Amino acid sequence: MNAIYENTVKGVGDLASAFAEEKTIILFGDSAPDTLKDYCYSINVKKADAVIEPGQTLEIDGKQYKILVVGDVMQKNLEALGHISIQFSGAEDGLPGTMVVEEAEVPVLSVGSTVRVLA
């Protein structure tokens, strides 16, 4: 598998793990609104090398998760704002800006954590 998207966490909001109970993490670029910054893992805004689709693999710090759902505006938001929600719920649907992966424990990210999409 080849990485079609890769990024590194450069900051962790004080409340970034607050959505773990909802099995969700939030990524956001530097333009995150002040009201959301504390809840986000900060990343650089980068383009993907290909379309991100269900069936591909999300990899966080070497651990892999099958992508089940890609919301209608998820890739657009990721590439324009660095902003997506990732749900580790195994749900069959999700919000437009959300990527849903197989049900799993929510990973704990830190500065330097890597986020990749493999195709």
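**View 1. Leu58 faces Val117 across the S5–S9 pairing.** In this predicted model, Leu58 stands opposite Val117 in S9. S5 and S9 pair in the antiparallel sense, with four bridges between them. Strands count as paired if DSSP finds at least two bridges between them. Strands are DSSP E runs of at least two residues, helices are H or I runs of at least four, and both are numbered from the N terminus. Residue numbers start from 1 along each chain as its sequence is written, side-chain values use heavy atoms, and hydrogens and water are left out. Because the model is predicted, local features need pLDDT of at least 70 and side-chain atom pairs count only at pLDDT 80 or more, while totals for chains, interfaces and linings use all residues.

**View 2. The open sheet has nine strands.** Their order is S1-S9-S5-S6-S8-S7-S3-S4-S2, and the pairing is mixed. S1 and strand S2 (11-12) are the edge strands, each pairing on one side only.

View 3. S5 and S6 run antiparallel, joined by four bridges. Lys63 in S6 is the bridge partner of Ile60.

**View 4. The largest nonpolar core holds 27 residues.** Such a core is a set of buried Ala, Val, Leu, Ile, Met, Phe, Trp, Tyr and Cys residues joined through side-chain atoms within 4.5 Å. Buried means under 20% relative accessible area, exposed over 50%, and partly exposed in between (1.4 Å probe, protein chains only). Ile52, Leu58 and Phe88 have the most contacts inside this core. Elements giving two or more residues to the core include strand S1 (3-8), strand S5 (57-60), helix H2 (74-81) and strand S9 (114-118). S6 gives the largest share, three residues. Phe88 touches residues including Ile25, Leu58, Ile60, Tyr65, Val101 and Pro107, not counting residues up to four places away in sequence. A contact means heavy atoms within 4.5 Å.

**View 5. One cavity of 30 Å³ or more is present.** A cavity is a set of points, on a 1 Å grid over the protein atoms alone, where a 1.4 Å probe fits but cannot get out; lining residues have an atom within 4 Å of a point. The largest cavity contains about 30 Å³ of space. This volume is the space filled by probe spheres set on the points, which are joined across faces, edges and corners. Tyr5, Leu27, Leu58, Leu78, Ile84, Ile86, Met99, Val115 and Val117 line the largest cavity. S7 and S9 are the elements that give two or more residues to this lining. The lining has nine nonpolar residues, no polar and no charged.

**View 6. H2 leads into Gly82.** The buried residues of H2 are Met74, Gln75, Asn77, Leu78 and Glu79. These residues pack against S1, S6, S7 and S8. Gly82 follows H2 and has a positive phi, near 70 degrees. Its place is in the loop between H2 and S7. Gly82 counts as buried because its relative accessibility is 0%. The C-alpha atoms of Gly82 and Val45 are separated by 4.6 Å, although the residues are 37 apart along the chain. Gly82 touches Leu27, Phe28, Gly29, Ile43, Val45 and Asn77, not counting residues up to four places away in sequence.

Definitions and conventions
On a 1 Å grid over the protein atoms alone, a cavity is a set of points where a 1.4 Å probe fits but cannot get out, and a pocket is an open set with protein on both sides within 12 Å along at least five of seven lines; lining residues have an atom within 4 Å of a point. Ala, Val, Leu, Ile, Met, Phe, Trp, Tyr, Cys and Pro count as nonpolar, Asp, Glu, Lys and Arg as charged, and the others, Gly among them, as polar.
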